[in-house]
Amino acid sequence: NAREGSYDFMCYTRWLAMASHGKGGFMTDYDTFPLGLKATHEIPNDGKFTSFQRHVPALISGSGSEWERMAKAVMEMAISHQNDDFYSDMLALNDL
């Protein structure tokens, strides 16, 4: 249900981009301002996948292997809901 080029399609694509990058890091929504976090190049929680807003993927981080694991899980969840009227990466993260 995420048509190519749509907002939701692009939300899924960013997971694949982070996984293919291979080095891990942070991903944020363009309108997220992580005030109150200390600026650092270190990935928190020893690289374990971390969402700073529960199931809302507005600010998330992880090692390269964690991004690969989570991107696969989000895509598998989306495929299992492909016949739903609406399903997003945020709903997938919540379901995981």
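Reply: Serine 61 is found in strand β3 (helices, H or I, of at least four residues and strands, E, of at least two are DSSP runs, numbered from the N terminus). This is a predicted model: local features need pLDDT of at least 70, side-chain atom pairs count only at pLDDT 80 or more, and totals for chains, interfaces and linings use all residues. Residues are numbered from 1 along each chain as its sequence is written, and side-chain values use heavy atoms, without hydrogens and water.

Serine 61 counts as buried because its relative accessibility is 0% (buried is under 20% relative accessible area, exposed over 50%, partly exposed in between, with a 1.4 Å probe and protein chains only). Leaving aside neighbours within four places in sequence, serine 61 is in contact with residues including Gly25, Phe26, Phe49, Thr50 and Trp67 (contact is heavy atoms within 4.5 Å).

Now the sheet. Its 3 strands run in the order β1-β3-β2, open and antiparallel. β1 and β2 (50-51) are the edge strands, each pairing on one side only (strands pair if DSSP finds at least two bridges between them). β1 and β3 pair over 4 bridges. Threonine 28 stands opposite leucine 59 of β3.

Then the helices. α1 lies across β1 and β3, at about 165 degrees to β1 (axes are lines fitted to C-alpha atoms, for helices over the stretch in contact; angles run from 0 to 180 degrees between N-to-C directions). α2 also packs on the sheet, touching β1 and β3, and its direction makes about 120 degrees with that of β3.
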